[in-house]
Structures are given as structure tokens and as C-alpha cells.
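This report goes through one chain, from selected side chains to the overall fold. The structure comes first.

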Amino acid sequence: MKPVPFAEALRVWLKIGLLSFGGPAGQIALMHRLLVEEKGWISETRFLHALNYCMLLPGPEAQQLATYVGWLLHRTLGGIVAGVLFVLPGFLLITAIAVAYVLYGELHWMQGLLFGMQAATLAIVVEAVMRVGRKALRHPALYALAAAAFVAIFAFGVPFPLIVAAAGLIGLAGHRLAPRVFRVGKPQDGAAADDPVPEHARPSTAWTLRVLFAGAALWGLPVLLLLLSLGAGHVFTQEAVFFSKMAVVTFGGAYAVLAYMTQQAVDRHGWLAPGEMVQGLALAETTPGPLILVLTYVGFLAAWREPGTLPPLLSGVLGASLSTWVSFVPCFLWIFLGAPYMERLRGNAWLSAALTGITAAVVGVILNLSVWFALHVLFADVDTRTVVGMRLPVPQPESLDPAALLLGAAAMIALLRLHLNLILVLAASAALGLAHRLATT
């Protein structure tokens, strides 16, 4: 990897944080476009190696991927900056929207801006699937593996960890039976996949112990202090414990855990009404940052409704901050603990073969996320039907949103054919979305 000025990296991470719309598919697409295609800071092979590791972890894979790359480029500070900036804009925006919601109700102008940017993100998602697929799938067998992963998760709802495990085992078998298929190829972009591991990326027992101690202090100590000072029944303690548990079970990304979060927040704790949870999910899908940031909205409303002796708005902001903190501190812990060992194993032939299989499966998973995202952007109503044992999302044709379709198509032409600037396209889409929303309300 070539040296990258920290100030330049800071600007790029902030840009990614502000533009990371579209859920994990759009966010991975954006990072691939900026970090691999435009900047060339990290090779295709190394990018996919990091992505594969992040896909295995609990928590938002895109945020962890940003942390991983930031750590590779600029050590621990780089990882912290990249990971925080990936989350911070979305956190601030969702908190501000939650404040506006409890004070004023619906904000049509904000919904219009977000609608336009969400429709434009379709183009980024499509571009990502095409680019990553072309470079990761170098053999018909890998195309078949990607297709199988897509069908498994899209039609049969196979849990993502099982897909990853199966793909890894296929890669291991392929290393012995068809080594040419499952051998990591040399990248074509000049950024060598077999770059020497940076000195700071070499694992050590001292580093592992320091990370474990810091993680325990930053993650566990606030939860313990809340439990001892406020008691188990206080809303802050309940949020800290609940979202800490969520941080270690969210395998497969946000989509895999949103139903569980909804059930717990609405039915068990009674923090939100069902309609408010739906609105929170829509906010998380249309604002930058990980989809799991819906927890910020949940944490705000829960604490706002049970403020105790605090002013309700202050209680809400503290609840949103606490929920976000205990959910994302573990994401940094997983990266700083495991990434050095992943870098050490990067040249291992058996691991490379397993990760080649996992990479092919991840392309299928990204395609699944892309289809899911496109269906819910373009159609207001998407039903689920069972056909020959398959559970398929079926959009209602009459619920097609012509404005979303036109905006998405225009963004695709602008980005894929005319190669216009990404920020310009998103800004234009936001303006058109705002004009549409104001004209129809």
C-alpha cells in the first residue's frame, strides 16, 4: 500500500460518512469506488480480504470494513477516525430527526431530501455489484457459487453464517480439487495484493491484551456503572444491557436482526409503537450510515418517554448516545483484535482458497441486499409469497413509485454512462426529491 496523507484520508472518510446511503450494499459500493477504483489506496484483493473478515463478525460489516482499512492505512487512530466518521453523520441526523419528530411531528421537506438521495443510491448499488462481481468471479464455478448463495439467502432465507461457512468449506475443497479456480489472482490495478504486512499490523500478545483491556473498560464499565447507580429497571440500564447483547448477536448484518430488535423494543419493552418502529426503520434506510442506526432512534424515544428527573429532550439525547455507544464500541474491538491475525494469514494458500469461496458467496449476498433495497425503494408494498418451498418477495405493481423509478434511472445514466461526479448526482437527486415531495403534499 502506498503512503496516504492523514489529512487526505480524513477528508475521504468524512465524505464516505456523509454519502453512505443505501444500506450495506450501497456503503460497500461507495468504499470500493473511492478506496479501490479512484484513490487506489488498497488493492482489490486486500479490500475483499478485509470485507470477508468483516462479513464474519457481528455488527455492521460496512462500518467495520471502514475501520479495518483506516487501521491499515494509519494505525489505531486511522481505524478510530474511519469507524467514527462512518457512523457520526447518520447518528447526528437521526438524533436531530427524532428531536424534530417529538417536537413537531412529520417533516416532509426532510423526507423529500432523503427520498431523492435514496433513489440515486440505486445507481451506486448496481455499479458495485457489477464491479465487484467482474473482479471477484474469475471462473464459471465462482459465478455458480455466487448464484447459489444468492438463491439460498434470497429465496430460502438460509442464515448468512451458514452460507459463509459452506462457501469457506467449498473453497477449502476447491484448493485440493481445483486449485486454479480457488487461487487468489494478482490484482490488475497495480496495488499488489501481496504487499508486506505493515509493522503495526503484526499481531502480538501485548497488543491483544491492551485491546481487550481498553474494550472492556469502554464497553463494559459504563454498563456496570449504570447498573450499580441506577438499578436494573432504569431505562438507561435497560438500553445499555439490551444493545450490548445486540452487539454480539447481529451476525449477517442489520437485516438479520431488525425483526428481533422490533419485537423486543415494541412488544417486550414498550419503548415505541409499531408505527413508530416502522418510521424508524425507514429513517435508517434513508439516512447515511449503517442500517442498525435505527437503534439511535429507538434509544432516543425510549429515554424521552421515561426521563425520570431529567428534561425529556436531554434524556432522549443521552439515551440515543448510550445506545449507539454500547452498540458500536464492540465493532472496533473485533477489528483491532482480529485484523492483525487476518493480515498475518493473508498469504496462507488454504485460507486464501477458503476466502475466495467466501468472496464469491459475498457477491451473491451483496446482490441479495441490492435486490431487497431496490424493491423497497421502487415499490411501496412488497409481499412475501411461498412458491415450491421458496419465500419470495413479490412487489405489488400498482405500488410502483414512478418518481423513484425516474430518479433512479436518471442517476444510473449520470453515473454509469456519463460518469458525472458522485456528489453532484446525489445533490441533484436530493433537490429533485425535495421538489417532488413538496409538490405532492
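The model is predicted. Lys-39 pairs with Glu-8 in a salt bridge, and the closest N and O atoms are 3.3 Å apart. The two residues sit in distant parts of the chain: Glu-8 belongs to helix α1 (residues 6-19), while Lys-39 is in the loop between α2 (23-38) and α3 (44-55). Their separation is 31 residues. Glu-8 is also partly exposed, at 24% relative accessibility.

**Salt bridges**

How many salt bridges does a search of the whole structure find? The count is three.

| Acidic residue | Basic residue | N to O distance |
| Glu-8 | Lys-39 | 3.3 Å |
| Glu-38 | Arg-33 | 3.2 Å |
| Glu-343 | Arg-46 | 2.6 Å |

Take the bridge between Glu-38 and Arg-33. Glu-38 is partly exposed, with a relative accessible area of 47%. Arg-33 is buried, with a relative accessible area of 9%.

Now the bridge between Glu-343 and Arg-46. Is Glu-343 buried or exposed? Glu-343 is buried, at a relative accessible area of 1%. Arg-46 is buried too, and its relative accessible area is 1%. Both values fall under the 20% cut-off for burial. Glu-343 lies in helix α13 (residues 312-344) and Arg-46 in helix α3, so this pair ties together parts that are 297 residues apart in sequence.

**Two buried helix residues**

Ser-429 is part of helix α16 (residues 422-439). At 5% relative accessibility, Ser-429 is buried. What does Ser-429 touch, leaving aside its neighbours within four places in sequence? Its contacts are Gly-116, Met-117, Ala-120, Leu-407 and Ala-411.

Val-211 is found in helix α8 (residues 205-230). Its relative accessibility is 9%, so Val-211 counts as buried. Sequence neighbours within four places aside, Val-211 is in contact with Leu-333, Phe-336 and Leu-337.

**The chain as a whole**

The secondary structure comes to 16 helices and two strands. The radius of gyration is 22 Å, close to the 22 Å that the globule rule gives for 441 residues, so the chain is as compact as a globular protein of that length. Along the principal axes, the C-alpha atoms fill a box of roughly 65 × 55 × 50 Å.

Of the 441 residues, 54% count as buried. Among contacts with a separation of 6 or more, 74% come from residues 24 or more positions apart.

The surface can be described by area and by charge. The chain exposes about 18900 Å², and carbon and sulfur atoms supply 69% of that area. There are 26 positive and 21 negative charges, and their mean positions are 11 Å apart.

How values were computed:
Residues are numbered from 1 along each chain as its sequence is written. This is a predicted model: local features need pLDDT of at least 70, side-chain atom pairs count only at pLDDT 80 or more; totals for chains, interfaces and linings use all residues. Side-chain values use heavy atoms; hydrogens and water are left out. Helices (H or I, at least four residues) and strands (E, at least two) are DSSP runs, numbered from the N terminus. The radius of gyration is taken over C-alpha atoms; the globule rule is 2.2 Å times the number of residues to the power 0.38. Buried means under 20% relative accessible area, exposed over 50%, partly exposed in between (1.4 Å probe, protein chains only). Contact means heavy atoms within 4.5 Å. Accessible areas come from the Shrake-Rupley method with a 1.4 Å probe; for residues, only the protein chains shown count as cover. Lys and Arg count as positive and Asp and Glu as negative; His and the chain ends are not counted. The place of a charge is taken as NZ of Lys, CZ of Arg, CG of Asp or CD of Glu. A salt bridge is a side-chain nitrogen of Lys or Arg within 4 Å of a carboxyl oxygen of Asp or Glu.
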